[in-house]
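Please look over the sequence and the structure, then read the points below.

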Amino acid sequence: MSHEFRPGELIIYPYLWVWQQQRGETEGRKQRPVCVVIAISSASDGNTHLVLLAITTQPPQPGRVALEIPDIERRRGGLGDLKQSWIVVDEYNYDIVEHSWYIEPHQQVLGRFSKSFMMKIAAMFSKARSQSGGVKRFD
């Protein structure tokens, strides 16, 4: 049986940035921590659909929407060795666990953010999607 992914869990994933996709790249350049913001087990197809948000140590550039991760949440998420990090909420990667080239059935989870922090992330993600309408989906 494979791992049942839950919102707030952090895993390692080769995240493909929008700017990379726009250049024609099809693979993320490096493995990085990502946060599962949405995990849906579909009754219609039996698959697990994930929406993943990138975590970076680089401060967000002007015009980007990101949330700095507090110390306690970094520790909860298994990122305690990072001094500063942000979760980017204005773009995402979409993947289906059962068809993924990047997610293993027994994928190790680094940690999990608290429910209250995930509520902030989800609200910012929702707002960014409704305002820009340009959140990218990668298949």
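Ala, Val, Leu, Ile, Met, Phe, Trp, Tyr, Cys and Pro count here as nonpolar, Asp, Glu, Lys and Arg as charged, and the others, Gly among them, as polar. By these classes, eight nonpolar, five polar and four charged residues form the lining of the largest pocket. The model is predicted.

**Overall fold and size**

- The chain contains three helices and seven strands.
- Along the sequence, these elements come in the order β-α-β-β-β-α-β-β-β-α.
- Taken along the principal axes, the box filled by the C-alpha atoms is roughly 40 × 35 × 30 Å.
- The radius of gyration of the chain is 14 Å, which agrees with the value near 14 Å for a compact globule of 139 residues.

**Surface and contacts**

- Of the 139 residues in the chain, 45% are buried.
- Among contacts with a separation of 6 or more, 68% are between residues 24 or more positions apart.

**The largest pocket**

- The volume of the largest pocket is about 390 Å³.
- Its lining consists of 17 residues.
- Trp17, Trp19, Thr56, Gln58 and Arg64 are the lining residues that lie nearest the centre of the pocket.
- At least two residues of the lining come from helix H1 (18-22), and at least two come from strand S5 (86-88).

**Arg6, in the segment before S1**

- Arg6 belongs to the segment that precedes strand S1 (9-13).
- Arg6 counts as partly exposed because its relative accessibility is 39%, and partly exposed covers values between the limits of under 20% for buried and over 50% for exposed.
- Leaving aside residues up to four places away in sequence, Arg6 touches Val36, Ala39 and Arg112.
- Arg6 and His49 are 43 residues apart along the chain, and their C-alpha atoms are separated by 11 Å.

**Asp45, between S2 and S3**

- Asp45 sits in the loop that runs between strand S2 (32-41) and strand S3 (48-56).
- With a relative accessibility of 39%, Asp45 counts as partly exposed.
- A distance of 18 Å separates the C-alpha atoms of Asp45 and Ile103, which are 58 residues apart along the chain.

**Pro60, between S3 and S4**

- The loop between S3 and strand S4 (66-68) holds Pro60.
- Pro60 has a relative accessibility of 39% and therefore counts as partly exposed.
- Not counting residues up to four places away in sequence, Pro60 touches Ala66 and Trp86.
- The C-alpha atoms of Pro60 and Ile96 are separated by 28 Å, with the two residues 36 apart along the chain.

**Leu110, between S6 and S7**

- Leu110 is located in the loop between strand S6 (93-96) and strand S7 (111-112).
- Leu110 counts as partly exposed, since its relative accessibility is 32%.
- When residues up to four places away in sequence are not counted, Leu110 touches Leu10, Ile11, Ile12, Pro33, Gly77, Gly78 and Leu79.
- Leu110 and Val88 are 22 residues apart along the chain, and 18 Å separates their C-alpha atoms.

Technical notes: Residues numbered from 1 in each chain as written. Predicted model: local features only at pLDDT ≥ 70, side-chain atom pairs only at ≥ 80, totals over all residues. Heavy atoms only, no water. 1 Å grid on protein atoms, 1.4 Å probe; cavity = no way out; pocket = protein on both sides within 12 Å on 5 of 7 lines; lining within 4 Å. Points joined across faces, edges and corners; volume = space filled by probe spheres on them. Helix = DSSP H or I, 4+ residues; strand = E, 2+ residues; numbered from the N terminus. Rg over C-alpha atoms; globule rule 2.2 N^0.38 Å. Buried < 20%, exposed > 50% of the residue type's maximum accessible area, 1.4 Å probe, protein only. Contact = heavy atoms within 4.5 Å.
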